[in-house]
Amino acid sequence: MCLQSLTLLIIFTLFYSHAFALKKSYIVYLGSHAHPFTLLSQAHLDRVAHSHRTFLASFLGSHQSAEDAIFYSYKRHINGFAAVLDDKKASEIAKHPNVASIFLNKGRKLHTTHSWDFMLLEKHGVVHKSSLWKKARFGEDTIIANLDTGVWPESKSFSDEGYGDVPARWKGSCHGDVPCNRKLIGAKYFNKGYLAYAKFPSNSTFETPRDLDGHGTHTLSTAGGNFVPGANVFGLGNGTASGGSPKARVASYKVCWPPFKGAECFDADILAAIDAAIGDGVDVISASVGGDAGDYMNDGLSIGSFVAVKNGVTVVCSAGNSGPKPGTVSNVAPWIITVGASSMDREFQAFVELSNGSRFEGTSLSTPLPENKMYDLISAADGKAANASALQALLCKKDSLDPEKVKGKIVVCLRGDNARVDKGQQAATAGAVGMILCNDKASGNEIISDAHVLPASQINYKDGEAVFSYLNSTKDPKGYITAPNTQLHTKPAPFMASFSSRGPNTITPGILKPDITAPGVNVVAAYTEATGPTDIESDNRRTPFNVESGTSMSCPHISGIVGLLKTLRPQWSPAAIRSAIMTTSRTRDNTRKPMVDATFHKATPFGYGAGHVQPNKASHPGLVYDLNTGDYLDFLCAIGYENKVVQLFADDPLYTCREGANLLDFNYPSITVPKLTDSVTITRKLTNVGPPSTYRSYFHAPLGVEVSVEPKQLTFSKVGEEKMFQMTIGATSEKALGYVFGELTWTDSKHYVRTPIVVQLSS
């Protein structure tokens with residue numbers, strides 16, 4: 001080849017590579033489908049896909065270019081496609097009148113704290129073997145879908161023993177390497193969005209709905225796992241495990257893959273999974289994933305969940321693990337049930353004992369120390385390797401510890417930055433015999449049970465300070481870690497997890513998020529046997545059950561409860577179900593005092609939403625705040641979306657935003673008023689779902705706020721009857737700036753319909 005030809009080839013290759021690199025994966029949302037019939041033939045679906053290619057071809061110049069660019073065509077309930085485009089073409093497409101929105105195929109994270117600093121509904125969790133379980137027949141008529149890392153089908157939690165035929169309405173299926181049965185009735189995977197973003201070629205790792213991570217099996221079994229006697233984690237927590245709806249049918253939709261640039265689950269895959277799940281016939285979608293809160297029209301989970309709710313499917317999502325920092329809550333769309341995480345009254349205790357007689361309660365699932373004796377203690381900072389900083393060593397980061405200094409000793413590490421289990425691995429690699437993991441200040445009293453690779457215990461911040469003080473005060477520090485044991489009826493419980501993302505809602509401050517909290521700390525549930533309990537490559541242990549923590553774990557608790565309510569109250573809308581869960585929740589712990597956070601300061605609705613879930617009471621709430629599709633469209637109009645965009649969302653070219661649509665009158669089961677400077681009047685509508693009765697209103701006004709309710713009494717004579725009331729809220733002359741909290745309760749002495757009030761006072 002001549003030099004000139006070689007130069008031209010290099011220039012062409014560089015140009016082509018640069019041009020390809022500039023292309024990104026986008027989602028083009030065209031609104032909902034208005035299919036003329038329920039049963040969609042393949043020919044009809046092919047025509048929908050063809051229409052998407054034709055639309056894109058008008059911008060790219062040919063059908064072939066459009067076909068090459070599109071990697072998903074959403075054909076059943078969601079109308080749109082995902083394609084690889086350059087920014088210029090994306091901008092041109094955004095201007096087309098038939099486009100509701102176009103946005104980047106964003107990546108999300110799983111909401112578990114297992115990797116970065118999960119309980120079935122068993123006795124010491126949320127649901128006792130109670131009247132709700134029995135009345136709802138353990139959720140047997142419900143189909144629960146899980147969007148996650150897949151499923152381990154061999155788990156006993158997915159046994160179909162005692163099950164009848166799969167419901168005739170079910171249209172789903174299982175991929176070849178995950179066998180279906182009468183319990184696990186669906187397993188699919190969606191990877192094209194992940195691969196388009198990462199620019200990976202596909203291989204067998206990305207072509208299976210099997211759970212190679214553990215997260216998906218854990219969350220799905222929490223929502224709908226079957227009864228499994230003798231469940232335990234290395235002998236701890238022994239008992240009968242079950243999901244919230246133990247007799248529900250379950251289906252797994254794998255949308256999350258190994259992390260790439262910090263992201264695991266991509267919007268294009270999530271939309272494809274939701275579109276499939278609706279078509280398959282699910283009743284509940286549980287999604288323990290999320291990212292930063294954003295515009296509802298530029299968020300795949302928000303759009304997909306709207307379409308699901310429009311089709312009668314309840315969507316439950318995790319609030320996120322970015323707490324306790326304010327304004328971090330994610331999945332804030334008002335048609336989603338957003339779930340925070342709190343503790344339960346069961347602990348796996350492993351005490352730390354010092355030679356000066358001090359004894360501190362900690363937690364662990366690790367093996368005991370080899371000998372019953374005091375061991376030498378060393379601060380990880382004092383055990384630092386020559387090339388590591390004191391801070392790196394204190395955090396027990398990779399290669400930060402000197403084996404000559406820590407061998408045979410118990411190393412004291414600080415929580416934060418890297419994974420808790422990784423700290424233990426680093427200590428073990430350096431030859432330590434054990435590890436004491438001390439909370440940082442932000443983590444406070446929240447201690448998490450992990451199956452560390454060496455004997456270990458995690459202790460709270462105050463106790464950690466005492467251990468470090470001891471290390472600094474003696475020349476020959478010694479200590480011991482007791483073998484872990486299971487302790488029930490611990491107090492106080494529940495309290496808010498420090499990691500649980502907090503309000504206020506940064507997208508729509510007038511909507512309180514999260515909605516509810518549920519157990520998300522030290523949760524026992526089924527697990528994959530494809531990896532060890534720490535997910536560390538060198539961890540060769542396998543366990544059919546594991547303990548995990550995160551809002552990923554609290555989310556499926558609520559999903560399981562929704563499954564019970566779906567069976568018990570099939571006529572209830574997704575909004576009615578959410579209202580029942582929220583208005584019957586509690587804000588006091590098992591000491592009968594107000595719930596606290598991980599620092600033992602009083603918690604607020606920005607952490608727990610309406611409160612901690614009480615499933616038995618949710619089955620008979622008395623009254624509900626209901627919402628329908630039209631109400632959600634009014635919401636979009638009220639917060640400023642253009643009429644033409646809402647028309648596409650509504651799938652109605654004649655839809656017009658209702659004049660006077662006001663966010664204050666959106667019939668949500670919480671009342672939030674941001675930036676109150678004068679008095680405002682709020683309208684709500686209650687629907688009777690109980691026996692005829694008369695309800696009276698009582699309220700606890702937020703500090704510095706005057707509240708009045710009219711009428712003060714509502715009488716309902718039949719199920720389905722609706723009554724409206726108005727609440728006027730104004731600032732007093734002695735107001736203080738910032739957020740203040742109160743509550744409104746309607747009661748007939750049998751039912752207590754409680755609604756949180758959140759007011760931001762402004763000057």
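User: How much space lies in the second largest pocket?
Analyst: About 540 Å³. This is a predicted model: local features need pLDDT of at least 70, side-chain atom pairs count only at pLDDT 80 or more, and totals for chains, interfaces and linings use all residues. Residues are numbered from 1 along each chain as its sequence is written, and side-chain values use heavy atoms, with hydrogens and water left out.

User: Pocket and volume in what sense?
Analyst: On a 1 Å grid over the protein atoms alone, a pocket is an open set of points with protein on both sides within 12 Å along at least five of seven lines. A cavity is a set of points where a 1.4 Å probe fits but cannot get out. Lining residues have an atom within 4 Å of a point. Points are joined across faces, edges and corners, and a volume is the space filled by probe spheres set on them.

User: Which residues lie nearest the centre of the second largest pocket?
Analyst: Tyr72, Ser73, Lys75, Phe190 and Ala272, out of 22 lining residues. Elements giving two or more residues to that lining are α2 (42-60), β2 (70-74), β7 (184-189) and α8 (267-280). Helices (H or I, at least four residues) and strands (E, at least two) are DSSP runs, numbered from the N terminus.

User: Why does the second largest pocket lie between domain 1 and domain 2?
Analyst: Because domain 1 (24-104) and domain 2 (115-344 + 495-618) both give residues to its lining. The bounds come from an automatic or database domain assignment.

User: Switching to the largest cavity. How much space lies there?
Analyst: About 70 Å³. It has 13 lining residues, with Gly294, Asp299, Asn331, Val332 and Ala333 nearest the centre.

User: Now Ser500. Buried or exposed?
Analyst: Ser500 is at 0% relative accessibility, so it counts as buried. Buried means under 20% relative accessible area, exposed over 50%, partly exposed in between (1.4 Å probe, protein chains only). Ser500 sits in the loop between β25 (485-488) and β26 (516-519).

User: What does Ser500 touch?
Analyst: Gly320, Gly323, Gly340, Ala341 and Thr551, not counting residues up to four places away in sequence. Contact means heavy atoms within 4.5 Å. A polar atom of the Ser500 side chain lies 2.9 Å from the backbone nitrogen of Ala341.

User: And where is Lys24 found?
Analyst: In strand β1 (residues 24-32). Lys24 counts as partly exposed, because its relative accessibility is 35%.

User: Which side chain is joined to that of Lys24 by a polar contact?
Analyst: That of Asp87, at 3.3 Å. A polar contact is a pair of N or O atoms within 3.5 Å; within protein, one must be able to donate a hydrogen and the other to accept it, and residues adjacent in sequence count only if both atoms are side-chain atoms.
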